[in-house]
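Here is a short tour for someone meeting this structure for the first time. Have a look at the sequence and the 3D view, then read on.

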Amino acid sequence: MKDKYIDLIEQSFDFPQDEFSVEDNELNFHDIPLMELIKQYGTPLKITYLPKISQQINRAKRMFNVAMAKVDYKGSYNYCYCTKSSHFSFVLEEAMKNDIHLETSSAYDIHIINALYDGGIIDKDRYIICNGFKRPQYVENIAQLVNDGFSNTIPVLDNKEELELFEDSFTKKCKVGIRIACEEEPKFDFYTSRLGIRYNDIVDFYKAKLKNSKKFQLKMLHFFINTGIKDTAYYWNELSKCMNVYCELKAICPELDSLNIGGGFPIKNTLNFEYDYEYLTEEIISQIKNICERNGVEEPNIFTEFGSFTVGESGAALYSIVNQKQQNDRENWYMIDSSFITTLPDTWGINQRYIMLAVNNWDKEYQRVLLGGLTCDSEDFYNSECHTSAIFLPKLEAGNTQYIGFFHTGAYQESLGGFGGIQHCLIPAPKHIIIDRDKSDNEYYTRLFAKEQSYRSMLRILGY
């Protein structure tokens, strides 16, 4: 009878997979034995596997360059990292090894740009795409970049009034972009994105405010779909509408030469994840080229702002099961040694599902369980996977601690959870380690980035 946990996984999925394998009934992540990490650092434990960041960047570069070559696309491809996905220095430093550019979202982001420059990690020729609603401090910081010689800084206008703030702050000529306020999916709570300028207003706004400007040059049209790049009639319709605006603008604005298609590539959140990245990339490039040819304009340079795609699959969170509670005939709870609300807030806030696997005891019988966090909040639980409405894990045995891992958690979780700040019920933030590989022998090595949060740091924040 095949009732072991490894039987369940192998029968349910094509397993092992690129980043997951099992050896001696213990899980490896990118060929790294997780039980060794647990023995060294304990749990709860956050992990960042740096090589995955570079792999993702180079994968996207390769796909876009291949797609462009297939249709003899004349424009260039520019990969930008969306810093809000993870602001950590080790993420930015790894990403910037791959000759990419950056996208910012708020005033304090600009201080990160300055720190990267001061550290010799970027130069002043790098593209800095500045998105988001611009308050005066953000505008002042962007202007400081431009006035200091960051010649490829491109603030993207989110509304018409922002240009007036720019006029007062910039002393040098500056390239700018315009963000399109795309229509949302029909099932969304509202019809049009709150971000950007309406399709019908963009050409008139350019004629009135930018066409004859001596200080600002329209360089980029920015197009972003909230639900990401998907092979749906909705996505292709919005892309087509955007390209029609681009072509109309290009006819009266020869300086316009770039199209920013934002973020949108999904990441693997289940072991049966399927997404044809190559097809979507080739279709995007092909459609853009076809629309340009129909309108007799040059193809634009393409910019993307991949955040989750860049850093998401590099992250993992490991926990111990510290208790089992049979609350009724059907509900068997495994309690973890941390909190989902504080360490994986998207599971609570937007019902995000991640790849969840047992770390050890793959040779044990499995059972259906619910996972509970340590806070006293009724919402601190995890009860389903993307592919099923249930969770299955090995049965517990006395004296044999069960460990579990959540994988591809590297985007947004630390920012949303308030890294280094006050945690719900004062459950401390876990240790965080960074894993890299030695280029000479490909052996992995680890370093501690952050200790488990101390009670002293919390009390200090709270004024005690």
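## Before you start

This is a predicted model, so local features need pLDDT of at least 70 and side-chain atom pairs count only at pLDDT 80 or more, while totals for chains, interfaces and linings use all residues. Residues are numbered from 1 along each chain as its sequence is written, and side-chain values use heavy atoms, with hydrogens and water left out.

Strands here are DSSP runs of E with at least two residues, helices are runs of H or I with at least four, and both are numbered from the N terminus. Two strands count as paired if DSSP finds at least two bridges between them.

Strand 1 and strand 2 are antiparallel and share 4 bridges, and Ser-21 sits opposite Asn-28 in strand 2. The hairpin they form has 2 residues between the strands, and Asp-24 there takes a positive phi near 55°.

## A strand tucked inside

Which residues cover the two faces of strand 5? Tyr-77, Tyr-79 and Tyr-81 lie on one side, Asn-78, Cys-80 and Cys-82 on the other, and all are buried. Buried means under 20% relative accessible area, exposed means over 50%, and partly exposed is in between (1.4 Å probe, protein chains only). Because 6 of the 6 residues of strand 5 (residues 77-82) are buried, the strand is largely enclosed by the rest of the structure.

Strand 5 has parallel partners too. It joins strand 12 (residues 301-306) through 5 bridges, with Asn-78 opposite Phe-303. It also pairs with strand 6 (residues 101-104) over 3 bridges, where Cys-82 has Glu-103 as its bridge partner.

## A helix residue out in the open

Now for the surface. Glu-164 belongs to helix 7 (residues 162-169). Is Glu-164 buried or exposed? Glu-164 is exposed, with a relative accessible area of 53%.
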